[in-house]
4 protein chains.
Amino acid sequence: MNPNAPETATLLMSCPDQKGLVAKVAQFLYQHGANIVHADHHVDREAGTFFMRVEWEQEGFGLGSEELRREFGEYVAPLAMEWTLHYSTQIPRIAIFVSKQDHCLMDLLWRYKAGEFRAEIPLLISNHMEYGMVAREYGMDFRYFPITPETKHSQESKEIALLREAEIDLVVLARYMQILSPQIVQAFPRRIINIHHSFLPAFIGSNPYRKAYERGVKLVGATSHYVTEDLDQGPIIDQDVVRVSHRDTLDDLIRKGRDLEKQVLARAVRAHLLHNVLCYANKTVVFG
Amino acid sequence: MNPNAPETATLLMSCPDQKGLVAKVAQFLYQHGANIVHADHHVDREAGTFFMRVEWEQEGFGLGSEELRREFGEYVAPLAMEWTLHYSTQIPRIAIFVSKQDHCLMDLLWRYKAGEFRAEIPLLISNHMEYGMVAREYGMDFRYFPITPETKHSQESKEIALLREAEIDLVVLARYMQILSPQIVQAFPRRIINIHHSFLPAFIGSNPYRKAYERGVKLVGATSHYVTEDLDQGPIIDQDVVRVSHRDTLDDLIRKGRDLEKQVLARAVRAHLLHNVLCYANKTVVFG
Amino acid sequence: MNPNAPETATLLMSCPDQKGLVAKVAQFLYQHGANIVHADHHVDREAGTFFMRVEWEQEGFGLGSEELRREFGEYVAPLAMEWTLHYSTQIPRIAIFVSKQDHCLMDLLWRYKAGEFRAEIPLLISNHMEYGMVAREYGMDFRYFPITPETKHSQESKEIALLREAEIDLVVLARYMQILSPQIVQAFPRRIINIHHSFLPAFIGSNPYRKAYERGVKLVGATSHYVTEDLDQGPIIDQDVVRVSHRDTLDDLIRKGRDLEKQVLARAVRAHLLHNVLCYANKTVVFG
Amino acid sequence: MNPNAPETATLLMSCPDQKGLVAKVAQFLYQHGANIVHADHHVDREAGTFFMRVEWEQEGFGLGSEELRREFGEYVAPLAMEWTLHYSTQIPRIAIFVSKQDHCLMDLLWRYKAGEFRAEIPLLISNHMEYGMVAREYGMDFRYFPITPETKHSQESKEIALLREAEIDLVVLARYMQILSPQIVQAFPRRIINIHHSFLPAFIGSNPYRKAYERGVKLVGATSHYVTEDLDQGPIIDQDVVRVSHRDTLDDLIRKGRDLEKQVLARAVRAHLLHNVLCYANKTVVFG
């Protein structure tokens, strides 16, 4: 993130499609002195739904947060619009969940330090003890939550409490090898991003590289998605693949896949943090 | 192209950036009853230039072509805006130039027949005699213009006259192996698309596959661009690459490259026909 | 294919792995004066299986086809080796099956004419009447076999008889929209190549683009595979993907997918014709 | 690297092409009891040159290193063959050179720790002071060599001495922003790998992302190559590209390019360490 970038506000909107929506939104903002820096919209004609993202500079804009929420809410009330408002000065807070494999974790942290994410990462949660030192090094609080079938529910309850206490906006599962139960998924709807190590919907569930190897595919993939209650079925944010051949062993698939996982997860996290992602019908619109 | 798609009008605009341009354009169209189906814009902050493409349904729109040109022209006069207006009912007319290799030609014609281009292709021009039959089969007029250094100028003058007489909007060089001289380039500015068989700016000029083979590159590419007076230097519309290895002979590079050339040229032609391309500073903005 | 390429013979071999197999094969050929132009081998350590492809020039080689088969057979008898022998002078004969969509058909025929396949294509079979003219143009025999549930078995029996009579070595399903029943699959084991319009094993069966659209994937794929009795489950020869976004309608997915299908099918056919493909455990080794 | 992988020896060979070379090499090894685990060869017909890589298990092989060198040397003396011999038990020693940007450095070190490289990295050299701590953390010796035009020659002389003293086999320039002068290049022929942040031969020299941005390319690339005395002209080991659009600023190109640089450099280093790379005519053969 450019530290000299001007402060901006972003509206994410969706509603049933009708005439004049782009003009209506642009007009509202312009009347209040907005200098729009990005505007993007999309209509899904099959679903009859309109999506829009608009970002404008705070400087010179005539409405404060409260006023904006009230006036814009009234303005779009007849449109059955769902909308969220985000200020660039509100820095989202991320908690990373990790298990034993650290490639996504270390990649996220490098990017964080390099300024690729406009976010803070105050919290690292793991069902293993390995990464306490790493957490300290990056100034994160490390919390160890070992999970057994018996303790899972109570541990997750504690995790939810901790995430709330730490005012976490986004949970990133960086190859976290536990399936989250509905209580935690429901507590953070559309705010948990997972990386699955296959080209979904192929190879749902465990051991996707093993399954890919046995099926003899010629490309392996990785998929980042929002977590829902259905395992590996949530809205897909990004995907990518890499070519493999008969020469690649299962270990080679895993090694090549790691590079994919890192990139696909990082792109999804970045898109989410830039408020570029809207969900509907178990799909995503990813602007930008 | 969907034959049932509604009739639309499209404005392509560029001007020095300032506040409120999106709202200004959207507001103008909305006041006249436009149902905007696509709107996209871009600001090049380094260049300080604003670009916008907006497409709306003709049905219910209150201004005819003449009125629209006059009223919009007056409306944006203070903005130093350059703009062009396109109606989906005006079907662009394409002339294809070809030499001996027919892969791009046959690919374009297959796509044309399959409805991938909203265009007519009434004219095929070649410096060889091979493709007269093909032209007849597709209902194109075939014109043979052999070129020698001595006849080049006079032949090109005849070509220009023919292109004008046939009311050609877009010239597509489908592996046409003659360099066009300035007279013909100047007659059709930003309206001649070429496919170059390398990843420009690498391997400008003749025999790019040979040069790529000798340099030992691990990817070969293809580039579609608008033709300008500087050989292979015009604004790039699209590019792509394919992996090669030491096992690939020069013939393999040529064979693999053909697939690239077909796709990259077709994508550029389609983007141009959809009025998705704006040029500036020897670059392109490609919406969509 | 380079018409001036020297005549060659190719051995494709697989057997339980053991020491010295490469040397053993190379030694046999060298003793008989072979000039090896390509040799490639692979060991699947998990399966304990050895695979080898070796191609040598006919000129100067001391054994005729009969002798070679007999002597090599005896030489490798202790190894439990399966092997096939192919001469570049034996031109494989292809039958293409097509339904209503012609993009793969026309692409294959263009490549055939351009010399990308060392093969003859004497026969076009369809359950529709459209492509009789195309067949004539390319010197193929066109046979129309309309299929209904009632006639399917008898029509396929006639197709098998026709394929045998025409001495067909390879059947290519170029978007043929009928599922072949076991009788025809069993009659041409590992000699029927299909193109499926998804990244298998995702979206098996009908309407894969519709399914991909509804799942909201960010890449669509195509897969070429040998046909087995299990629908879309045969050994994969090649796969590829192309990026899509929320902006792409179902029609866009279909259009972008066509380009993939053409290329992935053509690469598989070419690999098969070059005797680069070995099957085992429902997978392929693809040399080259 | 699999720690349980058996110990192996690898021969890399090149010589003028002639009949029977594969058999000749395989026969030699087989006679001495080699169990070949990988063999690959290539003939550049245009250059008339034969290349081969063969790797076999040490266990059961009848020749020690000295004997092997002597006997194989005599065996291939009539062939004008150049060859090198590598044992998997000889762990190559790497020195990394870095300047201010650390993405390639940190990526290499993560992969090193994860076992992707069969190598030791005992030495980090920089013209800046930043990465002393990192070096300590990974158990590397850190040496600071500030470079000015006046001190360059003497500093490089010291670097050469240090590299020799530390018995360095491979120098990796991980975005080292100084041009090496001939003395150091000549001291480590084919043993210095650089990552250049463009798709060579496009955008040679400094500021390739800026040049790519200004040219308006639609893909940016990265290239790993052996360093020769001609800047950015050495034999290319690997290349890759990523798609960019008019929406990408120069900073976006740099950010997207970093991911490429990391992967392309790591793949080249890995290929070199696996003894998969042979050089000739300013190109590479990359087996595997």
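## A strand pairing in chain C

In strand β9 of chain C, Asn194(C) is the bridge partner of Leu173(C). Strand β9 covers residues 192-196 of chain C, and it pairs with β8(C) in the parallel sense over three bridges. Strands are DSSP runs of E with at least two residues, helices are runs of H or I with at least four, and both are numbered from the N terminus. Two strands pair if DSSP finds at least two bridges between them.

The model is predicted: local features need pLDDT of at least 70, side-chain atom pairs count only at pLDDT 80 or more, and totals for chains, interfaces and linings use all residues. Residues are numbered from 1 along each chain as its sequence is written, while chains are lettered from A and ligands numbered from 1 in the order in which they are written.

## The other neighbour of β8

Strand β5 (residues 93-98) of chain C also runs parallel to β8(C), joined by four bridges. Here Ile94(C) stands opposite Leu170(C).

Strand β8 spans residues 170-173 of chain C, and both its faces are covered. Leu170(C) and Val172(C) lie on one side, Val171(C) and Leu173(C) on the other. All four are buried (20 or more other C-beta atoms within 10 Å of the residue's own, with C-beta atoms placed from the backbone). In a regular strand, side chains alternate between the two faces of the sheet.

## A helix pair

Helix α7 (residues 208-215) and helix α8 (residues 250-273), both of chain C, pack at an angle of about 125 degrees, with axes 9 Å apart. The crossing of α7(C) and α8(C) is right-handed.

Terms used. Axes are lines fitted to C-alpha atoms, for helices over the stretch in contact, and angles run from 0 to 180 degrees between N-to-C directions. A crossing is left-handed if the near helix is turned anticlockwise from the far one by less than a right angle, and right-handed if clockwise. A residue is buried if 20 or more other C-beta atoms lie within 10 Å of its own, exposed if 12 or fewer, and partly exposed in between; C-beta atoms are placed from the backbone.
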